[in-house]
Amino acid sequence: MNLTNLILWSTGIITALAGVHNIDFIHRTILKAQAQLIYESRTETWGSPKFLFQEPKGKKSSSKVTQERN
């Protein structure tokens, strides 16, 4: 085993041990991020549900007016 492989293996083992040691913190962070995403994706933050313009019932649309003129 040369020095490069030894360095790669040691950094991998150290990283894995550090990850296992902090698994609770990592898991808590992931749960917080998921909760924040769910909170921000509520439908009430999307704006008004009346995003399509609806004409009043007594008013004729412009396409009907042009057809009546022809």
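The accessible surface of the protein comes to about 7200 Å², and 63% of that area belongs to carbon and sulfur atoms. Such areas are computed by the Shrake-Rupley method with a 1.4 Å probe, and for residues only the protein chains shown count as cover. The model is predicted: local features need pLDDT of at least 70, side-chain atom pairs count only at pLDDT 80 or more, and totals for chains, interfaces and linings use all residues. Residues are numbered from 1 along each chain as its sequence is written, and side-chain values use heavy atoms, without hydrogens and water.

Of the 70 residues, 1% are buried (under 20% relative accessible area; exposed is over 50%, partly exposed in between; 1.4 Å probe, protein chains only). The protein has 3 helices and 0 strands, where helices (H or I, at least four residues) and strands (E, at least two) are DSSP runs numbered from the N terminus.

Confidence is given as pLDDT, the predictor's value for each residue from 0 to 100. Its mean over the protein is 75, with 59% of residues at 70 or more.

| Helix | Mean pLDDT |
|---|---|
| α3 (residues 62-69), lowest | 55 |
| α2, highest | 88 |

Where pLDDT is low, the predicted coordinates should not be read in detail.

Helix α2 spans residues 23-40 and contains Phe25. Phe25 is exposed, with a relative accessible area of 55%.
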